[in-house]
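Open your viewer and get your selection tool ready. We will walk through a helix pair and then a sheet.

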Amino acid sequence: MQEAYSNFASVYDQLMDNIPYEEWFKYLHGLLKEFNIEDGIVAELGCGTGNITELMAKAGYDMIGIDNADAMLDIANVKKAENGSSSLYLLQDMREFELYGTVKAVVSLCDSVNYITESEDLLQVFNLVNNYLDPKGIFIFDFHPRYYYKEIVADATIAEDRDDISFIWDNFYDDNENINELALSLFVKESEGSGDDAGLFRKYEELHLQRGYTLDEMKCLIERSGLELVATYDAFTRDEATEECERIYIIARECGK
């Protein structure tokens, strides 16, 4: 079983083409504008292949994309070149990320923080965010709460068959550890080959682990980090989040180091 996103990176955008990144960006952009953050330096934790990063760069932000998967960042840098943006991509673990100075905002989408499976490690992420934010800077992130893993995807199998790519995604939720295991099997059509090898598919396997945090746990970690909790929203709305949301956005603010 390979490290998460080591093989997935090359086909990530193809398989995630159902995600409305433009709409996600508009929601995020709207939240940032509510705090008068319409330009300046913004860091994205868990930027992946740079879909949101590059949309924000097009909107006028000076973007720093941070991810610990170099294969994902290779693709993000291709998009950067195609877009002619000035985004800076850094190969760093968000638990230990380093910046050259402070930033107006830090964002993290696509449940990236759920991959931090130890609460003390996530606290360290929040501590670093607080450290690198400008005074009164804003932190916006989303996550899947425990309810989503236990009630929506627990023990579910998700599969899709396409002409060149197929996948099987098996979920198993450990109620004792609050960890969701996502065993991914990818079948990718070989681009080369002739004769008997033509049209063959190569199989790759990866294991993804995500922790199901409760909303109350997230609020507690925010408070312990020194950040000020501003709002919790049911994703893509302005409705107050509850433990039974499938995706939650949290907005926090720097309020002193």
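Start by selecting Ser119, Glu120, Leu122, Leu123, Phe126, Asn127 and Asn130 in H5, which meet Met218, Leu221, Ile222, Arg224 and Ser225 in H7; contact means heavy atoms within 4.5 Å. Helices (H or I, at least four residues) and strands (E, at least two) are DSSP runs, numbered from the N terminus. Bear in mind that this is a predicted model: local features need pLDDT of at least 70, side-chain atom pairs count only at pLDDT 80 or more, and totals for chains, interfaces and linings use all residues. Residues are numbered from 1 along each chain as its sequence is written, and side-chain values use heavy atoms, with hydrogens and water left out.

Now show H5 on its own, residues 119–132. Its buried residues (under 20% relative accessible area, 1.4 Å probe, protein chains only) are Leu122, Leu123, Val125, Phe126, Leu128, Val129, Asn130 and Tyr132.

Next, draw the axes of H5 and H7 (lines fitted to C-alpha atoms over the stretch in contact, with angles from 0 to 180 degrees between N-to-C directions): they come within 9 Å and cross at roughly 50°.

Finally, move to the open sheet, where four strands run in the order S6-S7-S8-S9 with antiparallel pairing; two strands pair if DSSP finds at least two bridges between them. S6 (157–161) and S9 (201–211) are at the edges with a single partner strand each, so one side of each has no neighbour in the sheet. Select S8 (179–189) to see its 11 antiparallel bridges with S9, then zoom in on Ala183, opposite Leu207 in S9.

Key:
The expected span of a helix is 1.5 Å times one less than its number of residues. Buried means under 20% relative accessible area, exposed over 50%, partly exposed in between (1.4 Å probe, protein chains only).
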